Amino acid sequence: MSVSRRHIVGAKSLYHWEYIRHYTGILPVFLPATLLDALRGISYSPSRPEFIWRSHRSLPPGAPPNLIKPQRYNHVSELTAYRGAVVLPYSVNSGKVVELYAMNIPLFLPTIRFGKQFMNDRTAVGRPYCPKFTAESHPKRHPTSPYNEWSPNSDSPKDIEFWMGFQDELNHWPCVEHFDSWDELYVLVRAGSKRLRDISACMKQANKWRRFEELQNW
C-alpha cells in the first residue's frame, strides 16, 4: 500500500477504525455498515406481544415468558412484528445486530460492564481465528497510537472494557436501552416498556443521519 496512492483503507465500525489506527498508524475512511439499502422499506410494525432473544446462548434462568427465542423464519422482515429485541453481542460488530437497528426494532443490550463476559470475538489474532497465538506473537502497536496502556488483544478485564468502549452498539448507537443485570432486563421486558414506539421513532431518525454519513464518506 505504501507504494500506491490508489488504495483506500476503510473501517466498517468505530472499533475497526481504532483497531487499524492502533496497529498501523493509518487513519481509515469510516464506512459504517448500516444495511439500510438492503432493508429499505422494512420497519418496525409490532403485532406480537413477545420480545425476541437474539443470541447464540440459551435464555438465562428466570427469563419472563414474553422473552422468546424465535424459531426459523422465512424473511428477516418477520422480526419487525415483535415488540423488541434483546441482544447479547458476541462480536465487536455483528450483521444481525446491525439489521435489527436498520429496521428500527427497539433494542435492549447489556452495558459494557455486564456485556464483556459474553464477548468472544474481539480480535483478528485470538480466538476463534488464531487460537495458537501467544502474547509474544501479537503485533506491536504503532508508535502513533494514543492507546499505549491498553491492548485490544489482551484478555485483561481492564483492556477488554476499554476497547469495548469503541463498540458501536454498546456505546455509540443512540436510542438503545441498556441493562446492567438479568434482573434489570427482566423488569424492562415484563413491563413491556411503554416507550417502545418512541424508541423506534428515535432509531428511525438516527438511521437518517447514519445513511447521510455513509453516503458522504463513500
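A salt bridge is a side-chain nitrogen of Lys or Arg within 4 Å of a carboxyl oxygen of Asp or Glu. The model examined here is predicted: local features need pLDDT of at least 70, side-chain atom pairs count only at pLDDT 80 or more, and totals for chains, interfaces and linings use all residues. Residues are numbered from 1 along each chain as its sequence is written, and side-chain values use heavy atoms, with hydrogens and water left out.

Nine salt bridges are found in a search of the whole structure. One of them joins Glu161 and Lys116, at 2.7 Å from N to O. Glu161 belongs to helix H4 (residues 157–164) and Lys116 to the loop between helix H3 (112–115) and H4, so this pair ties together parts that are 45 residues apart in sequence. Helices (H or I, at least four residues) and strands (E, at least two) are DSSP runs, numbered from the N terminus.

Glu99 forms a salt bridge with Arg54, and their closest N and O atoms are 3.6 Å apart. This pair also links distant parts of the chain, with Glu99 in helix H2 (residues 95–102) and Arg54 in strand S3 (residues 51–54). Both Glu99 and Arg54 are buried; buried means under 20% relative accessible area, exposed over 50%, and partly exposed in between (1.4 Å probe, protein chains only).

The search also finds one disulfide, a pair of cysteine sulfur atoms within 2.5 Å. Cys175 and Cys202 form this link, with their sulfur atoms 1.9 Å apart. Cys175 is buried at 15% relative accessibility, whereas Cys202, at 34%, is partly exposed.
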